[in-house]
Amino acid sequence: MRSVHRKAIPYNVRQHSFEGEEFGMLSNYVPILVLLAIATLFAVGSVAAGALIGPRRFNRAKIDAYECGIEPSPAPAGPQRFPVKYYNTAMLFIVFDIEIIFLFPWAVAFDSLKVFGLGAMALFMATIFVAYAYEWRRGGLEWD
């Protein structure tokens, strides 16, 4: 058997073939664009379908304002005070929303973080649990 050796060409003299290189870079974005197109079609299609086939019988009860199951009542003149429960609920939502935001990347990178990642997440979850226990103890989870 005869082996064929090629003469070494310096790197700066080598000819590179860029055929299809532009599409190769853009092909990474094709799934994202397809998902964006599907989401847009679904959103527009849902709104259009609701407008076309939805019932069109309006009465006074359907036109009135409806907020979180509270019966609407005439508003007194001047500024109104909101119950503190609304703010507590909003803060509780933000606390647990932030927890989820940090929990997803941790779950994805769990294998590479090893014991340090487990300890850091245990400390983070303990802190969140303290906020949860405080809110529970104060009665913020009960809606009268």
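How many aromatic pairs does a search of the whole structure find? The search finds five. They are taken up below, after a look at the model as a whole.

## Model and confidence

This is a predicted model. The protein chain has a mean pLDDT of 79. Of its residues, 72% reach 70 or more.

Helix α1, residues 21-26, has the lowest confidence, with a mean of 66. Helix α2, residues 30-53, has the highest, at 95. Where pLDDT is low, the predicted coordinates should not be read in detail.

## Overall build

The protein chain has five helices and zero strands. Along the sequence the pattern reads α-α-α-α-α.

The chain holds 144 residues, and buried residues make up 5% of them. Its accessible surface comes to about 14,000 Å². Carbon and sulfur atoms account for 68% of that surface.

## Helix α2

Helix α2 has 24 residues. From its first C-alpha to its last, α2 reaches 34 Å. That is close to the 34 Å expected at 1.5 Å a residue.

Is α2 largely in the open or buried? The number of buried residues among its 24 is zero, so α2 lies largely in the open.

## A nonpolar patch

Which residues form a nonpolar patch on the surface? They are Leu26, Tyr29, Ile32, Leu33 and Leu36. Together they have about 560 Å² of accessible area.

Helix α2 gives the most to this patch, with three residues. Leucine 26 is found in helix α1. At 53% relative accessibility, leucine 26 counts as exposed, because the cut-off for exposed is over 50%.

## Aromatic pairs

Back to the rings: the whole structure has five aromatic pairs. One of them joins tryptophan 106 and phenylalanine 110. This pair is edge-to-face, with 5.1 Å centre to centre and 75° between the planes. Phenylalanine 110 is partly exposed, with a relative accessible area of 34%.

Phenylalanine 129 and tyrosine 132 form another pair, and this one is tilted. Their centres are 6.3 Å apart, with 40° between the planes. Where do these two residues sit? They are three residues apart in helix α5, residues 110-137, so about one helical turn separates them. An α-helix has 3.6 residues a turn, so residues three or four places apart point the same way.

Phenylalanine 129 is exposed, with a relative accessible area of 52%. Tyrosine 132 counts as partly exposed, at 28%. Both residues belong to a cluster: ring pairs link Phe96, Phe129, Tyr132 and Trp136.

## Lysine 114

Helix α5 also contains lysine 114. What is the phi of lysine 114 near? Its phi is near 55°, a positive value in a residue other than glycine. Most residues other than glycine have a negative phi. Lysine 114 counts as exposed, at 59% relative accessibility.

Key: Residues numbered from 1 in each chain as written. Predicted model: local features only at pLDDT ≥ 70, side-chain atom pairs only at ≥ 80, totals over all residues. Heavy atoms only, no water. pLDDT = per-residue confidence, 0-100. Helix = DSSP H or I, 4+ residues; strand = E, 2+ residues; numbered from the N terminus. Buried < 20%, exposed > 50% of the residue type's maximum accessible area, 1.4 Å probe, protein only. Areas by Shrake-Rupley, 256 points an atom, 1.4 Å probe, with all protein chains shown as cover. Phe/Tyr/Trp six-rings, centres within 6.5 Å; stacked < 30°, edge-to-face > 60°. Patch = residues over 30% accessible without salt bridge, like charges linked within 9 Å, V, L, I, M, F, W, Y side chains within 5 Å. Salt bridge = Lys/Arg side-chain N within 4 Å of Asp/Glu carboxyl O. Expected span 1.5 Å × (residues − 1).
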